[in-house]
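The sequence and the coordinates are shown first.

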Amino acid sequence: MYPVQSVDSMFIVQTTNGVLESRMEATLMERYESDSLDLDYFKNGFSVYSYDEQGSLETVITARTARHFKFRDGSEKWEAFGNVRIRNVIKNETMETDTLYWNRSEQKIYTHCYVKMYSRDGMMQGYGMQSDEKARNAILLKPFDGYGYVVQDSTKVVLDSINFVGPMPKK
């Protein structure tokens, strides 16, 4: 089977009423078509950037390989494989897993694989995770018994350099 379309250096931007919602970047996308579905295959991986309602970067998802299935009944399915990393920039939380699924109609991401979740407060790990598509409310389905907890200095100032507007302070 040969691709019907091949796109190098793909860059897609999605907006609603002029407000940036998401963007996707991939070095290569190949499209395959059959009688029952269309498949977009990202064999060199991809990066997805999702923005909040004010237009600030909120979530970054990267993976080594990804597939997007579009079925003839109108439904869609996204799959990401290999070193999948989900980072909520605003909450400063990161999840790492090997496989991630996105149900676009339900606006949910999930996996049944091993997951590590990092936050400012510590690290958790377990099997299975589900969350809204922007990773705002991620939960582990089968957490391990042990947890890491980090004690922090409550007076420490954390500078968000991605969404920061204004001059950067000198070091």
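## The largest pocket

In this predicted model, 34 residues line the largest pocket, and those nearest its centre are Gln14, Ser22, Val48, Trp102 and Arg104. The volume of the largest pocket is about 830 Å³.

Seen by secondary structure, at least two lining residues come from each of β1 (5-16), β2 (19-33), β3 (37-42), β4 (46-51), β5 (57-63), β7 (76-88) and β8 (93-103). The largest contribution to this lining is that of β2, with eight residues. By class, the lining of the largest pocket comprises 17 nonpolar, 11 charged and six polar residues.

## The cavity

A search of the whole structure for cavities of 30 Å³ or more returns one. The largest cavity has a volume of about 30 Å³, and its lining consists of Ile86, Arg87, Asn88, Glu93, Thr94, Met95 and Ala135. Two or more of these lining residues come from β7 and likewise from β8. The lining of the largest cavity divides by class into three nonpolar, two polar and two charged residues.

## Salt bridges

Side chains of opposite charge can pair when their charged atoms come close. In the whole structure, 11 salt bridges are found. One of them joins the side chains of Glu96 and Arg85, with an N to O distance of 3.8 Å. Because Glu96 belongs to strand β8 and Arg85 to strand β7, this pair ties together parts that are 11 residues apart in sequence. Glu96 is partly exposed, at 26% relative accessible area, and Arg85 is also partly exposed, at 39%.

Glu93, a residue of the cavity lining, forms a salt bridge with Lys91 in which the closest N and O atoms are 3.7 Å apart. Glu93 is partly exposed, with a relative accessible area of 25%, and Lys91 is partly exposed, with 36%. The side chains of Arg23 and Glu25 meet in a salt bridge at 2.3 Å, N to O; Glu25 has a relative accessibility of 28% and therefore counts as partly exposed. A network of salt bridges links Glu53, Glu58 and Arg136.

## The loop at Asp73

Asp73 is located in the loop between β6 (65-71) and β7. With a relative accessible area of 66%, Asp73 is exposed. The side chain of Asp73 makes a polar contact of 2.7 Å with the side chain of Ser75. Asp73 and Leu37 are 36 residues apart along the chain, and their C-alpha atoms are separated by 8.9 Å.

Notes
Residues numbered from 1 in each chain as written. Predicted model: local features only at pLDDT ≥ 70, side-chain atom pairs only at ≥ 80, totals over all residues. Heavy atoms only, no water. 1 Å grid on protein atoms, 1.4 Å probe; cavity = no way out; pocket = protein on both sides within 12 Å on 5 of 7 lines; lining within 4 Å. Points joined across faces, edges and corners; volume = space filled by probe spheres on them. Helix = DSSP H or I, 4+ residues; strand = E, 2+ residues; numbered from the N terminus. Nonpolar A, V, L, I, M, F, W, Y, C, P; charged D, E, K, R; others polar. Buried < 20%, exposed > 50% of the residue type's maximum accessible area, 1.4 Å probe, protein only. Polar contact = N/O pair within 3.5 Å; in protein donor to acceptor, adjacent residues only side chain to side chain. Salt bridge = Lys/Arg side-chain N within 4 Å of Asp/Glu carboxyl O.
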